[in-house]
Amino acid sequence: MRDDRLYNDADLAQFYDLDNDWSDDLSFCRQLAQGCGSVLDLGCGTGRFAADIAVTVERVVGADPARPMLDIARNRPGGERVQWVEADAKTMRLGAVFDLVVLTGHVFQVFLTRADRLAVLKTIAAHLAPEGRFVFDSRNPALTEWREWTPALSQREIDHPRLGTVASWNDVRCDERSGIVTYETFYRTADGHTFQAASDLAFASRAEIAELAEEAGLVVERWLGDWHGAPCDEGLSEIIPVGRLG
Ligand SMILES: C[S@@+](CC[C@H](N)C(=O)[O-])C[C@H]1O[C@@H](n2cnc3c(N)ncnc32)[C@H](O)[C@@H]1O
């Protein structure tokens, strides 16, 4: 797994919150967090979710290996209520357990091999309280959503507080043999400077996630197909396991 500049380069990390609105996954997880005493946000990124729930949840830990993302997280309003940990979700062991463990924003897809996906599921299991719950999302491979991440279909404009209007777009390719999708993200400022990163994602099947979750000692209680609670289905965009320790 290479270091992704999208998250590990401060010049690119500064665009994350501007390019990614608060989304349904975060609202769903916010509901799940209600009444929890402790929440672990794995791959917390710029910390929007962790800082938001830390208003009501007593102990919130946000973990991410990308320092520029954590720097944004630490400095956001409410960031002081969260414990930020610079760590890889494959190997992190905090020696603590939580009422809820979440991976939002398709973090699960940055784990490119079966072994890495098993490792992160074991990390979830190692940090769950006996009655704790976990949830994460992975895009349904059957929908090949990545085919739309082309320059023509992804053109957008971003209002940056210092750089003004920034043109943004993606490009994409899929390695047919491994199934790994590599997408590029471009941000071009009005003076013609372009910031650019290439990111890899895997699209695991529900069957594989189920097998690995069991191997990691987890039980999936519900499989959702979107963040509005629809059951997982071939035609829906998401694979969302909600579960607990086995
Ligand atoms: C698409 S962002 C999602 C951020 C956040 N969860 C959200 O919903 O806005 C993916 C995040 O996964 C993080 N990530 C990449 N590799 C990771 C790893 N090995 N362990 C934990 N997080 C990782 C990246 O640094 C990045 O912050």
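Which residue just after H4 takes a positive phi? The residue is Gly35, with a phi of about 85°; H4 itself is taken up in point 3.

1. Basis of the note. This is a predicted model, in which local features need pLDDT of at least 70, side-chain atom pairs count only at pLDDT 80 or more, and totals for chains, interfaces and linings use all residues. Residues are numbered from 1 along each chain as its sequence is written, and side-chain values use heavy atoms, with hydrogens and water left out.

2. The ligand. Eighteen is the size of the shell in residues, and Tyr16, Gly43, Asp64, Ala89 and Thr104 come nearest among these 18 residues (a residue is near a molecule or strand if one of its heavy atoms lies within 4 Å of it). The shell divides into eleven nonpolar, four polar and three charged residues; here Ala, Val, Leu, Ile, Met, Phe, Trp, Tyr, Cys and Pro count as nonpolar, Asp, Glu, Lys and Arg as charged, and the others, Gly among them, as polar. An N or O atom in the side chain of Tyr16 is 2.9 Å from an oxygen atom of the ligand. For Thr104, an N or O atom in the side chain is 2.7 Å from an oxygen atom of the ligand. At Gly43 a polar backbone atom is 2.7 Å from a nitrogen atom of the ligand. The ligand taken alone exposes 600 Å², of which the protein buries 92%; accessible areas come from the Shrake-Rupley method with a 1.4 Å probe, and for residues only the protein chains shown count as cover.

3. Helix H4. Helices (H or I, at least four residues) and strands (E, at least two) are DSSP runs, numbered from the N terminus. In H4, residues 24–33, the buried residues are Asp25, Leu26, Phe28, Cys29 and Ala33. Buried means under 20% relative accessible area, exposed over 50%, and partly exposed in between (1.4 Å probe, protein chains only).

4. Helix H9. H9 spans residues 206–215, and Glu208, Ile209, Leu212 and Ala213 are buried in it. They sit on the same side of H9, because their arc around the axis is only 130°. An α-helix has 3.6 residues a turn, so residues three or four places apart point the same way. The exposed residues Ala207 and Glu214 are on the face of H9 turned away from its buried side. Cover for the buried residues of H9 includes helix H7 (114–126), strand S5 (128–136), strand S6 (138–139), strand S11 (218–224) and strand S12 (238–245). After H9 comes Gly217, with a positive phi near 90°.

5. Ile124. This residue lies in helix H7. Ile124 counts as buried because its relative accessibility is 0%. Apart from neighbours within four places in sequence, Ile124 is in contact with Leu42, Val101, Leu103, Phe134, Phe136 and Leu218.

6. Arg76. The loop between helix H6 (67–75) and strand S3 (83–86) holds Arg76. Its relative accessibility is 16%, so Arg76 counts as buried. The side chains of Arg76 and Asp17 are joined by a polar contact of 2.5 Å. A polar contact is a pair of N or O atoms within 3.5 Å; within protein, one must be able to donate a hydrogen and the other to accept it, and residues adjacent in sequence count only if both atoms are side-chain atoms. Neighbours within four places in sequence aside, Arg76 is in contact with Asp17, Thr46, Gly47, Arg48 and Ala51.

7. Most residues other than glycine have a negative phi, and most peptide bonds are trans. His106, which is not a glycine, has a positive phi of about 60°. It lies in the loop between strand S4 (98–103) and H7, and is buried at a relative accessible area of 14%. Thr144 also has a positive phi, near 40°. Its place is in the loop between S6 and helix H8 (151–154), and Thr144 is partly exposed, with a relative accessible area of 26%.

How values were computed: Arc of directions from axis to C-beta. Contact = heavy atoms within 4.5 Å.
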